[in-house]
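Hello,

Here is the structure I promised to pass on to you. Please have a look at it first; my notes on what turned up follow below.

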Amino acid sequence: MIRIEKLHKSYPMGKDSLHVLKGINLHIKEGEFVSIMGSSGSGKSTLLNIVGLLDEHDEGNYFLNGQLIKNLNEKKAALLRNKFLGFVFQSFNLISYKTALENVALPLYYKGMNRKERLKVALDYLDKVGLKDWANHLPNELSGGQKQRVAIARALVTKPKVVLADEPTGALDSITSDSVMDLLKDINNEGMTVFVITHEEEVAAQTKRIVRLKDGLIISDELTKAVKAAKAV
Amino acid sequence: MFDLDRWREIFQSINKNRLRSVMSGFTVAFAILLFTLLFGIVSGLSNTFKSAFNDDAQNAMFVRVWKTSKPYKGLQTGRRVQLRNKEYNFVKEEYANKIQYQSARIYKNVAIKYKSKADNYRLRAVHPDHQFLEKTIIDEGRYINERDIREKSKVIVIGRLIKKDLFGEKNAMNKRVNVNGSSFLIVGVFSDEGGDNEERQAYMPVSTAQMMYGNNDYISQINLGYNPDLSLDAAIAFGNKMERDLRKKMNIHPDDQSALSVRNMAEANKGVGMFMGALYAIVILVGSGTLIAGIIGISNIMIFVIKERTKEFGIRKALGAKPSSIVGMVVQESVLITTIAGYSGLSLGTYILALIGDSLEKDYFIKDPSVSPGIVIGATIVLVLSGLIAGYVPAKRAANIKPIVALRAD
C-alpha cells in the first residue's frame with residue numbers, strides 16, 4: 001500500500017538546512033496497523049506529512065497504492081488525498097462553524113457527491129463512532145474525545161485506503177485515549193490500513209507493528225508482542 | 001455555472017462570520033454611499049444652473065443699444081443710438097442661415113383697463129418668433145401671428161396674472177380691453193416659467209406699436225435665437241461678427257460696447273459648461289478616490305480574513321479541496337459581499353437624495369439631485385471588479401500555501 005525507498009527530506013533553516021529524514025525505507029501492506037514512535041525532532045511528523053501528501057520529499061521514491069508520487073501539483077495532490085487518504089490530527093482540525101455532521105460530510109463535498117446523499121453517508125459514519133445524537137452540534141459543544149471521534153468519522157467517510165493519524169490521542173486524557181484507540185482498532189479489524197504517529201508507548205503497544213525513528217533514521221521495526229504471541233499460537 | 005452547494009458553503013461562511021462580513025461590506029457600502037451623495041449633489045447643482053437659464057431659450061441672443069461712449073467719424077460721444085426696422089431686416093437677410101428665430105422688441109408701459117378694473121403693465125411689442133425665444137407658454141387662445149404684423153391688428157396677448165387682476169376667474173378670451181385709450185382684442189393668455197414679472201406682461205404686434213406710439217419704425221431691441229446646429233464657438237463667432245457689422249453699419253466705433261452690444265447666451269453656456277465640467281472632474285476625482293479607498297479597505301479586510309481562515313483552508317485541502325475551489329469560494333464570497341454592500345450604499349444614497357432633494361433646492365441651489373443610470377452601471381462594474389480583485393489576490397496566495405504550513409497556522 002505504502003512503499004518508501006531511501007526517502008530524504010530537509011528543511012531550509014536560514015542559510016543552513018536541517019536534514020530531517022536521512023534515507024527511510026518502509027513498506028506498509030494493506031490492512032496493517034502501524035505506529036511510528038520517536039521523540040520530538042525524530043522526523044516522525046515529517047514522515048507522516050510526506051506519506052499524507054501534505055508535504056513533498058526531496059529524494060527517494062514514494063509509492064502510494066502502487067503509484068509513484070513525483071512532481072505532484074496541488075490539484076493532483078488534492079485529488080489523491082481525497083481518494084486514498086483520511087486524516088486524524090492531534091488538534092482535531094474540525095471547522096468551527098460547521099456542525100459535526102457537516103464536518104464529516106465535507107470530504108464528500110469535494111468528492112462531488114450531492115448534498116442529500118453525503119449527509120446520509122456522513123450520518124451513518126457518525127453513528128458508527130457513536131455520535132449520531134450529536135450530529136447537529138458545533139465542535140465547541142463537544143468534548144475532546146467526541147471531537148476526535150468526529151474527526152475519525154470524517155477521515156473514514158470517503159472510504160480511504162489509508163487512515164493517517166498524527167498523535168490522535170495527544171490532546172486527550174487516558175480514558176478517552178483508550179476509546180479513540182479502540183475505534184482505530186475496530187477500523188483496522190475491518191481491513192483498513194492505519195498509520196499512527198505517537199510518542200506514547202501505551203498507544204504504540206495497541207497497534208500491530210511499531211517502527212521506531214531516531215534522528216531521521218529507522219532504528220527498529222518489529223511486530224508488537226500481542227501480534228507475535230498470536231502468531232506463535 | 002450555478003453550483004448550489006458552492007452557494008450554500010458561501011452563505012454558511014458569511015452567516016457564521018457575520019461581523020467580518022458586515023465589516024467588509026460596510027467599507028464598500030460607505031464608499032458607494034459617499035460617491036452617490038457627492039455625484040447626486042453635483043448633478044443637482046448642474047440642474048440648478050440649467051434651470052437658471054430656463055426662462056429664455058438656450059440659444060438666445062440680444063442686440064441692445066444705448067448711448068455712444070466713443071467719438072467716431074466726427075460723431076460725438078453721448079449720441080443716442082436707435083435701432084430701426086432697417087437693422088432688423090439687415091440681420092434677417094444677412095445671417096438667415098445662422099438664425100433660428102428672430103423678433104424685434106419695443107418696450108412700453110401701458111395702462112390696461114377692463115370695465116372698472118385698471119392697472120399699469122409692461123408691454124412688449126414683438127414678432128411671432130418671440131414666443132419661442134422667451135419660451136412663452138400659451139394657456140388659452142393664440143400668440144401674435146404674421147397676419148397681426150401685416151395688418152397692424154389691435155390685438156393683445158396678456159399674462160396669466162394680468163388676466164387674474166382684471167378678470168379674476170372669468171373668461172378673458174375675445175374680450176376687449178382699453179390699452180392707453182385704444183381698444184384691443186385679447187387673443188391669448190400665457191404663462192411663463194420666468195416668474196411673476198414675466199406673467200404680468202402683455203404682448204402686441206410690433207407693427208401695431210410702431211404705428212400707434214409715435215408712428216415711426218423704431219425698435220428697442222432685437223432678439224435672436226441662433227441656429228442650434230451651430231457649435232458654441234461658432235455661435236460666439238457669429239455674435240461677434242454681427243456686433244461688428246452692425247456697429248459699422250450704424251457708424252459706431254468698433255469697440256463701443258455701450259452704444260451697441262450683442263449679448264450671447266452661447267458665451268454664458270460655454271462658461272457654465274466649463275464650470276460644470278470642472279466640477280464633474282473634481283467629483284470624479286474625489287469619487288474615485290473614495291471608491292479606491294473602499295476597495296483598499298475591503299482588500300485589507302479580505303487579507304485579514306484569509307489569514308484568519310488559512311487553517312480552515314489547510315483542513316479543506318487535506319480533505320481534498322483543490323486550490324481552485326478555495327480561490328473560487330473566496331472570490332465568490334467577496335464579490336457577493338461587495339455587490340450587496342455596494343447596492344445597499346447606492347440605494348441608501350439614492351434614497352437620501354430623494355428624501356433631502358426638495359429641501360435643498362431653496363437654501364443650497366441644488367435641484368433634483370440624482371444619479372444617472374450610466375453611473376449606476378459603471379459603479380456596478382467597479383464593484384464586481386473590486387470584489388474580484390479584493391478576493392482573488394489574497395485567496396490565490398492562501399490557496400498556494402502548502403497544506404502542512406496552513407494547518408500549522410492559528
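**Notes on the model**

A:Lys159 lies in the loop between α5 (144-156) and β7 (162-166) of chain A. This is a predicted model, in which local features need pLDDT of at least 70, side-chain atom pairs count only at pLDDT 80 or more, and totals for chains, interfaces and linings use all residues. Residues are numbered from 1 along each chain as its sequence is written, while chains are lettered from A and ligands numbered from 1 in the order in which they are written. Helices (H or I, at least four residues) and strands (E, at least two) are DSSP runs, numbered from the N terminus.

A:Lys159 counts as exposed, with 11 C-beta neighbours inside 10 Å. For burial, a residue is buried if 20 or more other C-beta atoms lie within 10 Å of its own, exposed if 12 or fewer, and partly exposed in between, with C-beta atoms placed from the backbone.

B:Asn251, in the loop between α9 (232-249) and β12 (260-264) of chain B, has a positive phi near 55° and is a residue other than glycine. B:Asn251 has 14 C-beta neighbours inside 10 Å and so counts as partly exposed.

Another loop residue is B:Asn180, between β7 (176-179) and β8 (182-191) of chain B. B:Asn180 is partly exposed, with 15 other C-beta atoms within 10 Å. Its C-alpha atom is separated by 5.9 Å from that of B:Val110, 70 residues apart along the chain. Leaving out residues up to four places away in sequence, B:Asn180 touches B:Val110 and B:Ala111; contact here requires C-beta atoms, placed from the backbone, to lie within 7 Å.

On chain B as a whole, there are 14 helices and 12 strands, and buried residues make up 41% of its 410 residues. Of its contacts between residues at least 6 apart in sequence, 81% join residues at least 24 apart.

Now for the two chains together. 17 residues of chain B are in contact with 19 residues of chain A. On the chain B side, α1 (4-16), α11 (310-318) and α14 (403-408) each give two or more residues, and α11(B) gives the most, with four. That side divides into eight nonpolar, three polar and six charged residues. In this scheme Ala, Val, Leu, Ile, Met, Phe, Trp, Tyr, Cys and Pro count as nonpolar, Asp, Glu, Lys and Arg as charged, and the others, Gly among them, as polar.

Which residues touch the most other members of the largest nonpolar core? They are A:Val104 and A:Val163, in a core of 114 residues. A nonpolar core is a set of buried Ala, Val, Leu, Ile, Met, Phe, Trp, Tyr and Cys residues joined through C-beta atoms within 7 Å. Helix α2 (residues 18-52) of chain B gives the most to this core, with 11 residues. A second, separate core of 53 residues includes B:Ile156, B:Phe190, B:Val206 and B:Tyr226.

Finally, a helix pair in chain A: α3 (residues 100-111) and α4 (residues 115-128) pack at an angle of about 120°, with their axes 8 Å apart. The contact includes A:Val104 and A:Leu108 of α3(A) and A:Leu119 and A:Ala122 of α4(A). By class, this contact has 12 nonpolar, no polar and one charged residues. Axes are lines fitted to C-alpha atoms, for helices over the stretch in contact, and angles run from 0 to 180 degrees between N-to-C directions.

Happy looking!

Note on methods:
Contact = placed C-beta atoms within 7 Å.
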